[in-house]
Amino acid sequence: MPEKEKEKEKEKMREAELKEKKHSEQSDSIEESVIYWQGKDTVLPEFDKLKETFKYVMGLGESFDINFREMTFGGRHTGLLFVTGLSKDVVLTEILERLSYVNPRGMNVDAAEDFFEYYIPHIQVTKYTELSKIFIQVMSGMSAFFIEGEETALVIDTRSYPARNPEEPSLEKVVRGSRDGFTETLLTNIALVRRRLRDPGLKLELLQVGRRTKTDVCIAYIDDIVDKVQVDSIRKKIEKVDIDGIPLADKQLEEAIINKGWNPYPLVRYSERPDTVSSHLLEGRVVVFVDTSPSVMIMPTTYFDLCQHAEENRQTPFMGTYLRLVRFLGIFASLFLLPLWMLFVIEPSLKPEGMEFIGPQENVKLPIIMQFLIVELGIDLMRMAAVHTPTPLASAMGLIAAILIGDVAVKTGLFVNEVLLYMAVAAIGMFATPSYELGLANRMIRLILLVLVAAFKVPGLIIGTTVIILMLVLHRSYNSAYLWPFIPFNAKAMMETFIRSPLLTSKKRPSFNKPRDNTRQPVKKK
């Protein structure tokens, strides 16, 4: 058999072995995959073996956007590994153009050091010897520069992510104030906060979560204000997260680091406004950014924090207080208006004097509790349908549901007018809740109270409300009382919760998150 045929036969056998090896691979992470294919997590000096690892770990030759450009600079064989959709081609072209002028005579034995020190004209260049770390950087948009014969590669920051411009958040709109909001790009979000906080004490720690996704997570805090124990606790919990990835970003991370079980109430606050996040950082809170998410987590938080909105601080103290009181009234109505009305219908003797008109004046075909449950379900269906319906059609759908369905249901005797009226008031109170998660939780509590009132009347309302308050008291947001300043009671803080005090009179930071420096304004020396 000729030598060429023998070589072809060996090559076919080799490809078959590699294909079988690929099918049997069960690596959970990039590090495991690199070690599986080449025995050790290092940069191999031979390009033939290195490209084989690129092929079976990164998909070189299989994925069209993985590119390995081989060239010769300064008499050395080099290769540039990058993802075409995440790398900025203008920057790469300028770097390669500069490298084309390198003189082979100027190259020393340590070529990697020469390219790093003298020939690559870029600000962010890092040396790596672990191949898995290089792959992680490349998959995030960096470019890796390999030199044949060297066990060190240079990683160049050439990232260019698909991104949108900052826009006003849809859930946190204000009449007056900034119109910029967070985007899906981590660096852009951090820059929006840096612009407002020119404090060298603002620290930003970068972590990666997920064995496969390697999602960038940033912990932000002001070093001389925040409680360091709290920062350490959050950092350790994020570092201990051991799952394949968090493609749904901050919500999955919240579930991974906060074990709240089936508690419906949110234990972190989400915000899409850089000004809101900056003000919370100045209070001594910890903020967690997650790449690909336009919202950030603020920890710790309280029930009353979730009821406040940026609009209150954009108006005068008097008008801000009025808006805050109206909002709290709406939240209270969304929780207790329907259970109280149904209690008065079931127990007419409990009606206050002069309010005998409360309750249905005619017989209806459906029990009151069934009417409430059906309308609650209908409102949820309308809300979900509005999310998935184009805007022009959503308005028409709302008119059909509100006018036609509601009017027909009342005229046929299935529903009472008052049921629709009070349910509409409760729904408006839920929509007036600044935190979307808190509004949904309050809705579930309202349903529970309705069922308890229908089953047990007055004891059901009293016991249900007591159990809910106990549940909120026992739950803590990163070792901070969730119902502060109501429990434990703090009279001054409770007053500031309902009354938006003038800026210069608020001299202390909230004490519940234990800030190291609790003074907003310097103490005047006598």
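Reader: Which residues form the negative surface patch?
Author: The negative patch is formed by Glu46, Asp48, Glu148 and Glu151. Keep in mind that this is a predicted model.

Reader: Where does Glu46 lie?
Author: Glu46 sits in a loop between α2 (30–38) and α3 (47–58).

Reader: And why does Glu46 count as partly exposed?
Author: Because its relative accessible area is 37%. Partly exposed covers the range between the buried cut-off, under 20%, and the exposed one, over 50%.

Reader: OK, salt bridges now. How many does the structure hold?
Author: There are 28 salt bridges.

Reader: Show me one. What does Glu184 pair with?
Author: Glu184 forms a salt bridge with Arg164. Their closest N and O atoms are 3.0 Å apart.

Reader: How accessible are Glu184 and Arg164?
Author: Glu184 is partly exposed, at 32% relative accessible area. Arg164 is also partly exposed, at 31%.

Reader: Why would such side chains pair at all?
Author: Opposite charges can pair when the charged atoms of the side chains come close.

Reader: Got it. What about Arg443, which residue does it bridge to?
Author: One partner of Arg443 is Glu376, with the closest N and O atoms 3.5 Å apart. This pair links helix α16 (residues 436–456), which holds Arg443, to helix α13 (residues 368–387), which holds Glu376. The two residues are 67 apart in the chain.

Reader: Are Arg443 and Glu376 buried or exposed?
Author: Both Arg443 and Glu376 are buried.

Reader: Which residues are joined into one network by shared partners?
Author: Glu283, Arg285, Asp305 and Arg520.

Reader: New topic. Where is Asn513 found?
Author: Asn513 is in the segment after α18 (491–498).

Reader: Is Asn513 buried or exposed, and why?
Author: Buried, because its relative accessible area is 0%.

Reader: What does its side chain reach?
Author: The side chain of Asn513 reaches the backbone oxygen of Gly284, at 3.3 Å.

Conventions. Residues numbered from 1 in each chain as written. Predicted model: local features only at pLDDT ≥ 70, side-chain atom pairs only at ≥ 80, totals over all residues. Heavy atoms only, no water. Patch = residues over 30% accessible without salt bridge, like charges linked within 9 Å, V, L, I, M, F, W, Y side chains within 5 Å. Areas by Shrake-Rupley, 256 points an atom, 1.4 Å probe, with all protein chains shown as cover. Salt bridge = Lys/Arg side-chain N within 4 Å of Asp/Glu carboxyl O. Lys, Arg positive; Asp, Glu negative; His and termini not counted. Charge placed at Lys NZ, Arg CZ, Asp CG, Glu CD. Helix = DSSP H or I, 4+ residues; strand = E, 2+ residues; numbered from the N terminus. Buried < 20%, exposed > 50% of the residue type's maximum accessible area, 1.4 Å probe, protein only. Polar contact = N/O pair within 3.5 Å; in protein donor to acceptor, adjacent residues only side chain to side chain.
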